[in-house]
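Thanks for coming, everyone. I have a few stops to walk you through. Please bring up the model and follow along.

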Amino acid sequence: MNMNQGWLFHLGEISYDELNGHYATYMHAKAQSGRGAAQELFYDEDFRKVNLPHDYVIEQEPSQRYNEAQGGYFRDNAWYRKHFQLPVSDEGRRIVILFDGVGRKTEVWVNGQPAGKNDSMYNSFYMDITPYLHYGEEDNVIAVHIQNEDDAEGWWYEGAGIYRNVWMIKTSVTSMDVWGLRIRPHKIKESLWKVGMDIDLYHMEKPQNVKIICTLRDENGQDTMSVSSTVLAQFGRNNYTMELVVNDPHLWNLDYSVLYEMVADVWVDGVLEDSVKEKFGFRVAHFDPDSGFHLNGKPIKIRGVCIHQDHARLGVAVPANVLEFRLQQLKRAGVNAYRCAHHNPAPELLDLCDKMGILVLDENRWFNCSEETLKQVRFMCCRDMNHPSVILWSIGNEEPLQSTKMGRELVRQLREFVRRIDPLRPVTIALNGGFYNSYAATESDVVGINYRISEYKKMHEIHKGKAIIATESGASDNDRGVYFEPESDQVSKGIRHDYSTAYDKKTTSFGSSYREAIREAETHSFIAGTFLWSGISYRGEAAWPMTSSGSGILDNCAIEKDNFYMVKSIWNSEPMIHIMPSWNLHGHNGEEVEVWIYTNQEETELIINGQTLGRKKAERFEPIIYSVYYQPGNIEAIGYSNGKEVVRECLNTAGAPEQLQVQVLNDATDSGEDAYVININLADANSYELTDSDAKITCDVLRGGSLLSLDSGDPKDTSSSFATERKLFSGKLQAIVKVDEFASDVMVNFSCKQYQLKKSIHLTPKKAVATHRLAVFESGLELREFRKWPDALEKNAIDATYNFHDMNTSEPAIMHHCRGEQGEGYEIYTGKTVIPMISNKKTIYLKFENLVGDVEIRVFHDHDCWPNPVPAEYLDKKEHFILEKKMDCIIELEGFHAKEKVNIILLVKRDGKFALDRILYSVKEK
């Protein structure tokens, strides 16, 4: 069940009383030891309501005060809380909560009890919360504490928060464990395949015979064959193996990404207790020391990019269909591989790579053999090994220990640890050292090289028996639409301080131009391929006032830079031609400029304002360069092959802005999880784009959705991420609009006040299968434990002594929307509660919503305190309300303190006027 909706969020820490005294210390040493916001009874009505995924760091404004490696964003600590109810029918089932990604150091509490911890923001993790839950109408609370302050895992913008999906998994007593069906298809000869299955079964009771049936379904969903086994399941996790032999399956490859499905059914005493389905693919991925990478026996050059996961003003909280948009943009350039730099990706990304035919290098963040890191590596492999797109595991990146014997031993042990889980895929580590002598590279299955492109031949000579892949190359800084060098110094110690031009020119000491990096990978057969740094620009790794790195063939909004077309001209065979720079170079009339043309044709011709500059032969890894003097008008490039025109592009100098152009770049559903990606620009009357405009654009979502991001890709834009108005950068802006669940249409207005231009769009999201969600429950700390006693004739019944444990004389009473009766005397209701935690700066009240009638209310300390604290003074408070119309009434609880047991009595006159919506706690500032 999806748990993304209905969370409560608080930025920063929440203070709580010092642990002092016997009682406080005694109770803290018990199971339900949560303090502050970790407690079950904690007033969280002041928390902000958010839905997931949520990155709270991107909501801050960057500052020069904070870590520039992280983009100048302060990564504070935070709390999340979620209230929910479970039906009585769930009692006896196993309940697991699965987090796809939370950052960074995470503690999870359930109903005040510690449920688990995780120390990395990048791995998925889960915990069994069965022992801590309430059922029926009682409130459950999950509290998540995130610690980030003065800490980091990466040297780039990481964001923070519950920034990926959260799931609740309900199973029977005997079921498959999380990631409990792991499939190992292995070709044994000719067209014959052995499909091994590692099965983790979880059993909650005494030993029991269990039958497991695994059924293979083809790409059309048809059952083809099955195998069964009867096993004895002990309490806890049980591991088993099973096998199938498959003849001549259809193979997964980059062009035909066929996926099979394995279904594991769990039967106990003839009853189907659980059924799990896992997609996988048949394919042979092989790295050869001399001929590089082969997929299903066919040599394929890996043409990859390294990617960090943030996007525009989404930060790292990126919806799955925006991930898909990013991948589609990369595929347009001819990219066929994705390196998850430098951490586990969102699981949805791997689903997309399986579907789209993109190879993946899956990487873990930490490089050591601690119990915590081994857990992260195990979770990465167990979660991801069914994906045919994953061809290589990476256990680290550019670790200083790589050039030591300690580093070599770490690689060896991590490699063997991975092999125990997945013996089919090779293991690498991305190195910028440790290549020689007997260091880290000697223990890698595949040698991963970051940069050092001039040393490929030397590496090959030293590691004759090992395949080599360029895990990182390039790192050419370039900003979209910037064509003239700024006057300030661009780079200091490899970190830029200002814009970089869009030309592919080396700007870092350790890297190279993209074309040089691609050339070295493509022209050496023993290099399996390369992963360019980077595919998409990302926040961080810049010096103020820059907040983003300039590398990337796409900017941080995944809008094409000129280098996108350079890569496309080499990696994509579809006829193409591209001219740079833009022909809106205002202020540069008469100046000499370089015109670069990227094409995959044999030769080009350049024409400016009707005058040809002749034809030039194309070289595969180089642009065709013309030196010209800029004059407004038009510039046209024509690509020829075999002397015939194949493709052309024309750019025009734009006139005055006359229209707002809006392009919707993807589809979205009404699932409540999707978002539209929309690009905006200004154009003149002829629809010529103003590629150099910096006009401000306002975005208003009128209905059916909400604005998640409005960004231009400008690395110097330090304004608020909540802004609904933003400047174009190099003529472009991008809006990301999340679609409300079940929305039938989405209306968005764009306007430019400067030129009095407007554009409205009406979008119709596709209908989706309803998301199976855990229902949102807003408790508001409502008091529910009340009982009704026999009616009394005397008013002094409110002062009588009641046995609050007597289940026979009284009966359960639902005070929610309670209505009184007419007759003689008084109705009597009693309740009990424990005072929740609140801030010392606030006062707590009991709030009686929409109360009407003649009601006397008594609130007093329970003298049977154990195991709660003894009050400093036993208080007994009364209020009498005589109301002719409904109104909210409050009783201030001055003198009552957190965790004290309190009793409540309502004496209601039986005149038929009494009504009450609910009783809850309320808090006000002192």
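Strand 20, residues 302-307, pairs with strand 29, residues 527-533. The pairing is parallel and runs over 4 bridges. Keep in mind that this is a predicted model. Look for I302: opposite it, in strand 29, stands G529.

Strand 20 has another partner. Strand 21, residues 337-340, is joined to it by 4 bridges, and these two strands also run parallel. Here G304 has A337 of strand 21 as its bridge partner.

How many residues of strand 20 are buried? The count is 6 of 6, so the strand is mostly covered under the cut-off of 20% relative accessible area. I302, G304 and C306 point one way. R303, V305 and I307 point the other way. Residues on both faces are buried.

Zoom in on H286: its bridge partner in strand 18 is H294.

On to a helix pair. Helix 4 covers residues 371-384, and helix 5 covers residues 405-421. Their axes come within 10 Å and cross at roughly 40 degrees. The crossing is right-handed. Who makes the contact? From helix 4, we have L374, V377, R378, C381 and C382. From helix 5, we have L414, F417, V418 and I421. By class, that gives 8 nonpolar residues, 1 charged and no polar ones.

E18 sits in the loop between strand 1, residues 7-11, and helix 1, residues 22-28. Is E18 buried or exposed? Exposed: its relative accessibility is 66%, and the cut-off is over 50%.

Now for V739, in strand 42, residues 733-739. V739 has 1% relative accessibility, so it counts as buried. What does V739 touch, leaving out residues up to four places away in sequence? The list includes A668, T669, D670 and G672. Also on it are D674, A675 and Y676, along with G704, G705, V746 and P765. One distance here: the C-alpha atoms of V739 and L708 are 9.9 Å apart, and these residues are 31 apart along the chain.

Last stop, S810. This residue lies in the loop between strand 45, residues 786-792, and strand 46, residues 811-813. S810 is buried, with a relative accessible area of 4%. Where does its side chain find polar partners? One is the side chain of R787, in a polar contact of 2.6 Å. Another is the backbone oxygen of D806, which lies 2.9 Å from a polar atom of the S810 side chain. Beyond its neighbours within four places in sequence, S810 is in contact with R787, K788 and W789.

That's the tour. Happy to go back to any stop.

How values were computed. Residues are numbered from 1 along each chain as its sequence is written. This is a predicted model: local features need pLDDT of at least 70, side-chain atom pairs count only at pLDDT 80 or more; totals for chains, interfaces and linings use all residues. Side-chain values use heavy atoms; hydrogens and water are left out. Buried means under 20% relative accessible area, exposed over 50%, partly exposed in between (1.4 Å probe, protein chains only). A polar contact is a pair of N or O atoms within 3.5 Å; within protein, one must be able to donate a hydrogen and the other to accept it, and residues adjacent in sequence count only if both atoms are side-chain atoms. Contact means heavy atoms within 4.5 Å. Axes are lines fitted to C-alpha atoms, for helices over the stretch in contact, and angles run from 0 to 180 degrees between N-to-C directions. A crossing is left-handed if the near helix is turned anticlockwise from the far one by less than a right angle, and right-handed if clockwise. Ala, Val, Leu, Ile, Met, Phe, Trp, Tyr, Cys and Pro count as nonpolar, Asp, Glu, Lys and Arg as charged, and the others, Gly among them, as polar. Two strands pair if DSSP finds at least two bridges between them.
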